[in-house]
Amino acid sequence: MTDAKTTVAELRERVLAFARERDWEQFHSPKNLSMALAAEAGELMEPFLWAESKDSHAVARDPKKRPAIEAELADVVVYALEFANICGIDLAAAIETKMAANAQKYPVEKAKGRSEKYTEL
């Protein structure tokens, strides 16, 4: 599987099939999945702990750290996909709605090259 050849629907189905084969849906409540997602996001941060922001790209490319970073990112995405499955959320539609809202909050002419929150632009 690669990003260029795999749809979100295919990923969702693969994640759902994996959980169903193991009878794990009984444990996959929105509460549990949201907590697992947060925990995995924390684990994704671990390789970057104490690194300066400017050095974080090098950390992400470090061949010794890269496999763990990829695995943690995969865990985050898998839990997000399963959350969408369990909650019946159309992920592509939710992303499109959020991007449209962000475009309103962060118009290019105000936000380009700036990191302030939309309330401070």
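Author: Two packed helices are described by the angle between their axes and the distance between those axes. In this predicted model, the axes of helix 1 (residues 8-21) and helix 4 come within 9 Å and cross at roughly 85°. Helix 1 and helix 4 are therefore roughly perpendicular to each other. Axes are lines fitted to C-alpha atoms, for helices over the stretch in contact, with angles from 0 to 180 degrees between N-to-C directions; 65 to 115 degrees counts as roughly perpendicular, under 35 as roughly parallel, over 145 as roughly antiparallel and the rest as oblique. Helices are DSSP runs (H or I, at least four residues), numbered from the N terminus.

Reader: Which residues of helix 1 and helix 4 meet?

Author: V8, L11, R12, V15, L16 and A19 in helix 1 meet V78, L81, E82, A84 and N85 in helix 4, where contact means heavy atoms within 4.5 Å. This contact of helix 1 with helix 4 has eight nonpolar, one polar and two charged residues (Ala, Val, Leu, Ile, Met, Phe, Trp, Tyr, Cys and Pro count as nonpolar, Asp, Glu, Lys and Arg as charged, and the others, Gly among them, as polar).

The residues are numbered from 1 along each chain as its sequence is written. Local features need pLDDT of at least 70 and side-chain atom pairs count only at pLDDT 80 or more, while totals for chains, interfaces and linings use all residues; side-chain values use heavy atoms, without hydrogens and water.

Reader: At what angle do helix 2 and helix 4 cross?

Author: The axes of helix 2 (residues 30-45) and helix 4 (residues 66-87) cross at roughly 165° and come within 9 Å. Helix 2 and helix 4 are therefore roughly antiparallel to each other. By class, their contact has 14 nonpolar, one polar and five charged residues.

Reader: How is empty space found?

Author: Rolling a probe the size of a water molecule over the atoms shows where empty space is left. A pocket is an open set of points, on a 1 Å grid over the protein atoms alone, where a 1.4 Å probe fits, with protein on both sides within 12 Å along at least five of seven lines; lining residues have an atom within 4 Å of a point. The largest pocket has a volume of about 450 Å³, volume being the space filled by probe spheres set on the points, which are joined across faces, edges and corners. Among its 15 lining residues, D3, L11, V77, V78 and L81 are the closest to its centre. Helix 4 gives the most to this lining, with six residues.

Definitions and conventions:
Helices (H or I, at least four residues) and strands (E, at least two) are DSSP runs, numbered from the N terminus.
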